[in-house]
Amino acid sequence: MSTRPTKQLEIVPNPHPDRKYMVEIESPEFTALCPKTGQPDFATITIKYIPGPSIVELKSLKLYLWSFRDEGHFHEDVTNIILNDLVSALKPRYMQVIGKFNVRGGIYTTVTAEYGEQ
């Protein structure tokens, strides 16, 4: 597996597809660029999901999240892009992506995007 940023997610079969269980993943070092200023925006991205047929391999998820570091995105946009990409790849029963962005100009932003029902 590569150690370079990539949009390619590695998907593996869910070892317990008959059970409804919650997976929570937290990435406290997410970075993207402000599309207006080009300055870095830092965030903690939390992904919560109830798997369907597949789960995500964590190193590939790390490299996927890393791929945003040189791209300009509004907080709302990047949080929804992450949700859309993961839902498309994993086909979960439920998924929530929370982007908790660090303070910029005295303002904190938290964006929550959801798919499906718990």
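Reader: Why does lysine 91 count as exposed?

Author: Good place to start! This is a predicted model, and in it lysine 91 has 52% relative accessibility. Exposed means over 50%, so lysine 91 counts as exposed. Lysine 91 is found in the loop between H2 and S5, and its phi is near 55 degrees, a positive value in a residue other than glycine.

Reader: What makes cysteine 34 buried or exposed?

Author: Its relative accessible area is 16%. The cut-off for buried is under 20%, so cysteine 34 is buried. You will find cysteine 34 in the loop between strand S2 (23-33) and strand S3 (40-50). Leaving aside neighbours within four places in sequence, cysteine 34 is in contact with Gln39 and Asp41.

Reader: Which residues does UniProt place under "active site"?

Author: The record, an unreviewed entry, places that feature at Cys34 and Asp41. Such annotations may be inferred rather than shown by experiment.

Reader: Why is the pair of aspartate 41 and arginine 104 called a salt bridge?

Author: The closest N and O atoms of aspartate 41 and arginine 104 are 3.1 Å apart. A salt bridge needs a side-chain nitrogen of Lys or Arg within 4 Å of a carboxyl oxygen of Asp or Glu, so the pair qualifies. It links distant parts of the chain, with aspartate 41 in strand S3 and arginine 104 in strand S5, 63 residues apart.

Reader: How many salt bridges does the rule give?

Author: The count comes to three. Another one of them joins lysine 7 and glutamate 71, where the closest N and O atoms are 3.3 Å apart. Lysine 7 lies in the segment before strand S1 (11-13) and glutamate 71 in the loop between H1 and H2, so this pair ties together parts that are 64 residues apart in sequence. There is also aspartate 70 with arginine 69, at 3.8 Å from N to O.

Reader: What makes S2 and S3 a pair of strands?

Author: Nine bridges join S2 to S3. Pairing asks for at least two bridges, so S2 and S3 pair, and they run antiparallel. Threonine 31 stands opposite phenylalanine 42 in S3. The two strands form a hairpin with six residues between them, and glycine 38 in the turn has a positive phi of about 80 degrees.

Reader: Why are S2 and S6 called edge strands?

Author: Four strands form an open sheet in the order S2-S3-S5-S6, with antiparallel pairing. S2 and strand S6 (107-116) are the edge strands, as each pairs on one side only. H2 lies across S2, S3, S5 and S6, running at about 155 degrees to S5.

Reader: Which residues have the most contacts inside the largest nonpolar core?

Author: They are Phe30, Ile47, Tyr49, Leu61, Ile82, Leu86 and Met95, in a core of 24 residues. H2 gives the most to this core, with six residues.

Methods: Residues numbered from 1 in each chain as written. Predicted model: local features only at pLDDT ≥ 70, side-chain atom pairs only at ≥ 80, totals over all residues. Heavy atoms only, no water. Buried < 20%, exposed > 50% of the residue type's maximum accessible area, 1.4 Å probe, protein only. Contact = heavy atoms within 4.5 Å. Core = buried A, V, L, I, M, F, W, Y, C linked by side-chain atoms within 4.5 Å. Axes fitted to C-alpha atoms, helices over the stretch in contact; angles between N-to-C directions.
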